[in-house]
Amino acid sequence: KYRFRILNASNGRFYHLSLSSRQPFHQIGTDQGLLPAPIEVHDFVLAPAERVDLVIDFKDHAGEQIVLNNDAFPMMRFNVSRAKVSDPSLLPVALRPVPKIPESEAVQTRVMAINEYMDRGGESMLMLLNGSHWSTPITERPKLNSTEIWSISNPTEDSHPIHVHLVRFQILDRRPFDETTYKTTGRMRFIGPPEAPEPYESGWKDTVRVHSMMLTRF
């Protein structure tokens with residue numbers, strides 16, 4: 001068993017990772033710490049700045065070459081020794097409690113949007129959160145030790161990672177909305193039910209993928 005702490009340090013590329021041996025990863029943590037218990041995942045997506053804690057068990061693959069694959073290309077190869085190894089360790093059944101925060105504890109809901117600005121040729125030239133530049137004075141000032149719900153809409157064609165400084169959160173859900181209604185009237189008309197986060201997104205996070213044409217709440 002080997003433990004890996006993986007960070008997507010790319011500035012724009014998303015990675016969809018899996019193993020060529022088709023064996024599962026045993027995930028034990030996310031951005032901000034351990035999960036309540038290990039979970040098995042056969043593949044997962046990491047956006048820039050996201051982290052994941054994994055255990056890979058090579059015991060049934062002596063002498064094999066196992067490749068960590070992204071959809072577009074191979075990322076890394078493990079050459080597993082043929083030598084016999086004694087590893088009596090076991091993954092714990094329980095890791096660290098992650099109490100689910102009730103939505104009723106939120107003292108405020110903040111609604112924000114990703115704004116994309118196009119040039120005359122229809123090419124994207126600028127993207128802002130709530131129309132604010134990085135150098136713009138701070139607009140959101142949550143109180144220390146309070147709980148809030150943040151809802152971010154993404155009317156662009158791409159998924160975007162949102163990283164919030166000095167805070168940890170739990171992803172609530174994502175819900176698809178009608179693009180035309182939103183872009184012409186600014187009104188949010190949902191066209192499907194809320195979608196729960198992926199199992200590998202459970203636990204404490206500080207970076208969330210805000211998908212195209214969806215409202216993401218955390």
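A residue counts as buried when its relative accessible area is under 20%. By that cut-off, 37% of the 218 residues of the protein are buried in this predicted model. The secondary structure comes to one helix and 15 strands. The C-alpha trace spans about 65 × 45 × 35 Å along its principal axes. Among contacts in the protein with a separation of 6 or more, 70% are made by residues 24 or more positions apart.

**An open sheet of five strands**

- Five strands make up an open sheet with mixed pairing, in the order S10-S9-S11-S15-S13.
- S10 and strand S13 (173-176) are the edge strands, and each of them pairs on one side only.
- From one strand to the next, the twist averages 15°.
- In general, strands of a sheet pair through backbone hydrogen bonds, in a parallel or an antiparallel sense.
- At the S10 end of the order, S9 and S10 run antiparallel and are joined by five bridges.
- Glu116 stands opposite Met127 in S10.
- S9 and S10 form a hairpin, with five residues between the two strands.
- Gly122, in the turn of this hairpin, has a positive phi of about 85°.
- At the S13 end, S13 pairs with strand S15 (residues 214-217) in the antiparallel sense over four bridges.
- Pro176 has Met214 in S15 as its bridge partner.

**Two threonines compared by burial**

- Thr216 lies in strand S15, which pairs with S13.
- Thr216 counts as buried because its relative accessibility is 0%, against a cut-off of under 20%.
- Leaving aside neighbours within four places in sequence, Thr216 is in contact with Trp150, Ser151, Ile152, Asp173, Arg174, Val208, Arg209, Val210 and His211.
- Of these contacts, Trp150, Ser151 and Ile152 fall within strand S11 (148-154).
- Asp173 and Arg174, also in contact with Thr216, belong to the edge strand S13 (173-176).
- Thr147 is found in the loop between S10 and S11.
- Thr147 has a relative accessible area of 21%, so this residue is partly exposed and falls outside the buried class, which requires a value under 20%.
- Not counting residues up to four places away in sequence, Thr147 touches Ile101, Glu105, Ala106, Val107 and Gln108.
- One of these contacts of Thr147, Gln108, belongs to strand S9 (108-118).
- The C-alpha atoms of Thr147 and Asn70 are separated by 36 Å, and the two residues are 77 residues apart along the chain.

**The largest pocket**

- The largest pocket has a volume of about 1,600 Å³.
- It is lined by 42 residues, and the closest to its centre are Glu140, Trp150, His163, Val164 and His165.
- Strand S9 (108-118), strand S10 (124-129), strand S11 (148-154) and strand S12 (160-163) are the elements that give two or more residues to this lining.
- Of these elements, S9, S10 and S11 are also part of the five-stranded open sheet.
- The lining of the largest pocket divides into 25 nonpolar, twelve polar and five charged residues.
- Trp150, one of the residues closest to the centre of the largest pocket, is also in contact with Thr216.

**The second largest pocket**

- The second largest pocket has a volume of about 390 Å³.
- Fourteen residues line the second largest pocket, and those nearest its centre are Tyr2, Phe58, Lys59, Val80 and Val85.
- By class, this lining has seven nonpolar, two polar and five charged residues.

**The cavity**

- A search of the whole structure finds one cavity of 30 Å³ or more.
- The largest cavity has a volume of about 50 Å³.
- Its lining is made of Gln27, Thr30, Phe44, Val45, Leu46, Glu50, Arg51, Val52, Tyr200 and Lys205.
- Strand S3 (25-30), strand S5 (43-46) and strand S6 (51-56) each supply at least two residues of the lining of the largest cavity.
- S5 gives the most, with three residues.
- By class, the residues lining the largest cavity are five nonpolar, two polar and three charged.

Notes. Residues are numbered from 1 along each chain as its sequence is written. This is a predicted model: local features need pLDDT of at least 70, side-chain atom pairs count only at pLDDT 80 or more; totals for chains, interfaces and linings use all residues. Side-chain values use heavy atoms; hydrogens and water are left out. On a 1 Å grid over the protein atoms alone, a cavity is a set of points where a 1.4 Å probe fits but cannot get out, and a pocket is an open set with protein on both sides within 12 Å along at least five of seven lines; lining residues have an atom within 4 Å of a point. Grid points are joined across faces, edges and corners, and a volume is the space filled by probe spheres set on the points. Ala, Val, Leu, Ile, Met, Phe, Trp, Tyr, Cys and Pro count as nonpolar, Asp, Glu, Lys and Arg as charged, and the others, Gly among them, as polar. Two strands pair if DSSP finds at least two bridges between them. Axes are lines fitted to C-alpha atoms, for helices over the stretch in contact, and angles run from 0 to 180 degrees between N-to-C directions. Buried means under 20% relative accessible area, exposed over 50%, partly exposed in between (1.4 Å probe, protein chains only). Contact means heavy atoms within 4.5 Å.
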